[in-house]
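Reader: I would like to work through this model one feature at a time. Please give the general idea each time, then the case at hand.

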Amino acid sequence: MSDSTASKTANLQVLVYSDDVNTRQQVILALGRRPHPDLPELEYVEVATEPVVIQHMDSGRIDLAILDGEAVPAGGLGIAKQLKDEIFQCPPLLVLTGRPQDAWLATWSRADAAVPHPLDPIQLAESVVSLLRARVPATT
């Protein structure tokens, strides 16, 4: 296996769900390809509809899902609750809430983390790194 193939298989798959392409791009730009040197590179799966979120999550290949709570017609908070209820050992879920006061909704949805709009790139990266560290074997 070549080095490029080995590194490609080690990439982390991050699903980014929003009906708004601008929100998806904000998330991807805020995180970049490698939000922390201890983590492998991220590969993004952009999704705009609930059925496609479910399809990707059922595949078992997603390491983290970032779900927009403000998406329509299916909000990320409801999708998060459904995923936690239906997927055994569901990957970590981060929800984007409409405002900081909506953190209780993230708790209701059983999301692992929440970041409010407008997105703070540092807060988003810290939350994502924290969630992904648990998915990556420790190196010595």
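Reader: Which backbone nitrogen lies 3.1 Å from a polar atom of the side chain of S18?

Author: First, the ground rules. This is a predicted model, in which local features need pLDDT of at least 70 and side-chain atom pairs count only at pLDDT 80 or more, while totals for chains, interfaces and linings use all residues. Residues are numbered from 1 along each chain as its sequence is written, and side-chain values use heavy atoms, with hydrogens and water left out.

Author: A polar contact is a pair of N or O atoms within 3.5 Å; within protein, one must be able to donate a hydrogen and the other to accept it, and residues adjacent in sequence count only if both atoms are side-chain atoms. Here the backbone nitrogen belongs to D20.

Reader: Where does S18 lie, and is S18 buried or exposed?

Author: Helices (H or I, at least four residues) and strands (E, at least two) are DSSP runs, numbered from the N terminus. S18 is in the loop between β1 (12–17) and α2. For accessibility, buried means under 20% relative accessible area, exposed over 50%, and partly exposed in between (1.4 Å probe, protein chains only). S18 has a relative accessibility of 0%, so S18 counts as buried.

Reader: Which residues does S18 touch, leaving out those up to four places away in sequence?

Author: Contact means heavy atoms within 4.5 Å. On that basis S18 touches T23, R24, V47, A48, D68 and A71.

Reader: How are salt bridges read, and what is their count here?

Author: Side chains of opposite charge can pair when their charged atoms come close. The rule asks for a side-chain nitrogen of Lys or Arg within 4 Å of a carboxyl oxygen of Asp or Glu. By this rule there are eight salt bridges. One of them joins E41 and R33, at 3.7 Å from N to O. E41 is partly exposed at 34% relative accessibility, and R33 is partly exposed at 44%.

Reader: Which residue pairs with D38, and which parts does that pair tie together?

Author: D38 forms a salt bridge with R133, with 3.6 Å between the closest N and O atoms. D38 lies in the loop between α2 and β2 (42–47) and R133 in helix α6, so the pair ties together parts that are 95 residues apart in sequence. D38 is exposed, with a relative accessible area of 55%, whereas R133 counts as partly exposed at 40%.

Reader: What about the salt bridge of D85 with K81?

Author: The closest N and O atoms of D85 and K81 are 3.6 Å apart. Both residues lie in helix α4 (residues 76–86), four residues apart, about one turn of the helix. D85 is partly exposed at 48% relative accessibility, and K81 is partly exposed at 24%. A network of salt bridges links K81, D85 and R110.

Reader: At what angle do α2 and α6 pack?

Author: Axes are lines fitted to C-alpha atoms, for helices over the stretch in contact, and angles run from 0 to 180 degrees between N-to-C directions. Helix α2 (residues 21–31) packs against helix α6 (residues 121–133) at about 75°, the axes being 9 Å apart. That makes α2 roughly perpendicular to α6 (under 35 degrees is roughly parallel, over 145 roughly antiparallel, 65 to 115 roughly perpendicular, the rest oblique).

Reader: Which residues meet there?

Author: V27, A30 and L31 in α2 meet P121, L124, A125 and V128 in α6.
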